[in-house]
Every structure is written in structure tokens, then in C-alpha cells.
Amino acid sequence: MTSVTTEIEIPSSFPADKVFKVFSDFDTIAPKVNPEVFKSIETIEGNGGVGTIKVFTFGDAVPFTSGKYKVDAVDPSSFSYTYSFFEGDNLMGILDSITNQIKIVPSADGGSIFKQTIVYNSKGNEKPTEDILKVEKEIYEKTFKAIEAYGIAHPENY
């Protein structure tokens with residue numbers, strides 16, 4: 001089994017606790033601010049904590065239709081969240097899973113750094129293409145910026 005890892009780091013002027021709180025509403029905000037990527041996000045089992053299973057239905061800007069994932073870890077005290085896609089055409093027929101580890105790290109200037117590690121776990125030796133990895137990284141970065149902007153525009157909620 002082969003794996004490929006992609007790292008994303010995005011600085012934010014928003015404090016870590018606020019970024020984490022905004023991202024706690026990802027299921028509601030993402031389809032509003034980036035509908036071409038996220039048509040809908042539905043919880044099909046659980047209450048949002050560890051073990052919760054959700055389904056992403058992707059929009060027209062994504063070459064996939066859906067992906068089902070499980071929440072692996074949530075730690076509000078360290079501003080971290082981990083989830084793994086385990087079913088769907090976003091696994092491209094070559095992946096067992098895609099694990100996303102998100103951590104919001106406070107920075108010295110009062111802002112924060114959004115860090116995301118994405119691990120693509122292959123069934124065999126075939127890996128996602130560099131083009132797919134680049135597009136997915138761009139989507140994650142664009143989505144972060146859109147959700148951050150939503151949080152800034154709606155400070156009463158965060």
C-alpha cells in the first residue's frame with residue numbers, strides 16, 4: 001500500500017479559537033460560500049462527534065459526485081479535527097481512504113495558522129495524479145478563505 005501526503009498552511013488574522021468555531025459550522029457554511037464545490041453536506045449517523053458519518057455531495061467544479069467520511073477525532077482544546085473519507089467516487093477507485101488532519105495553531109500576532117495534512121491511502125501502488133492533488137489543494141485553500149471571510153462578515157456568530 002502506498003500513500004501520498006499533501007500539506008496546506010494558510011495564515012489567518014482571525015484568532016485560533018474563532019477559526020475553529022467557524023469551521024465547526026463547516027457543514028452549513030461551505031455549501032453557502034463555495035456551492036460549486038459543496039452542493040450539500042449531510043450527517044447520516046451521529047451527533048457531530050467522533051464516529052459521526054457524513055456525506056459530501058460535490059458541486060460542478062469537482063470531478064467527483066460524493067464522498068462519505070467518518071469523524072475520527074475532535075479536540076476543541078487544541079483546535080484539531082480529523083476525518084477520513086472511506087467511500088465514494090472521490091476515492092477514484094484507487095484509494096482505500098483519504099485522511100484529513102486539521103489543526104488551527106495560534107500565532108504570535110494574535111492570528112492563527114490553518115494547517116491541514118491530507119493523506120491519500122492507496123489500495124495498491126497507483127496514486128492520485130499531480131494534477132488531482134494540485135486541484136484538491138487549491139479547492140481546500142479557496143474553501144478556507146471563503147469560510148474565513150464568512151466568519152469575519154458575521155462576527156456576531158463567532
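How much space lies in the largest cavity? About 170 Å³, and a search of the whole structure turns up 1 cavity of 30 Å³ or more. This is a predicted model, where local features need pLDDT of at least 70, side-chain atom pairs count only at pLDDT 80 or more, and totals for chains, interfaces and linings use all residues. Residues are numbered from 1 along each chain as its sequence is written, and side-chain values use heavy atoms, with hydrogens and water left out.

**The cavity**
- On a 1 Å grid over the protein atoms alone, a cavity is a set of points where a 1.4 Å probe fits but cannot get out, and lining residues have an atom within 4 Å of a point.
- Volume here is the space filled by probe spheres set on the points, which are joined across faces, edges and corners.
- Lining the largest cavity are V37, F38, F56, F58, V62, F64, F85, N90, I98, E136, I139 and Y140.
- That lining splits into 10 nonpolar residues (Ala, Val, Leu, Ile, Met, Phe, Trp, Tyr, Cys, Pro), 1 charged (Asp, Glu, Lys, Arg) and 1 polar (the others, Gly among them).
- α3 gives the largest share, 3 residues; helices are DSSP runs of H or I with at least four residues, strands are E runs of at least two, and both are numbered from the N terminus.

- Of its 20 lining residues, F23, S24, F26, Y81 and I102 are the closest to the centre.
- By class, the pocket lining has 13 nonpolar, 5 polar and 2 charged residues.
- Here too α3 supplies the largest share, 3 residues.

Notes:
1 Å grid on protein atoms, 1.4 Å probe; cavity = no way out; pocket = protein on both sides within 12 Å on 5 of 7 lines; lining within 4 Å.
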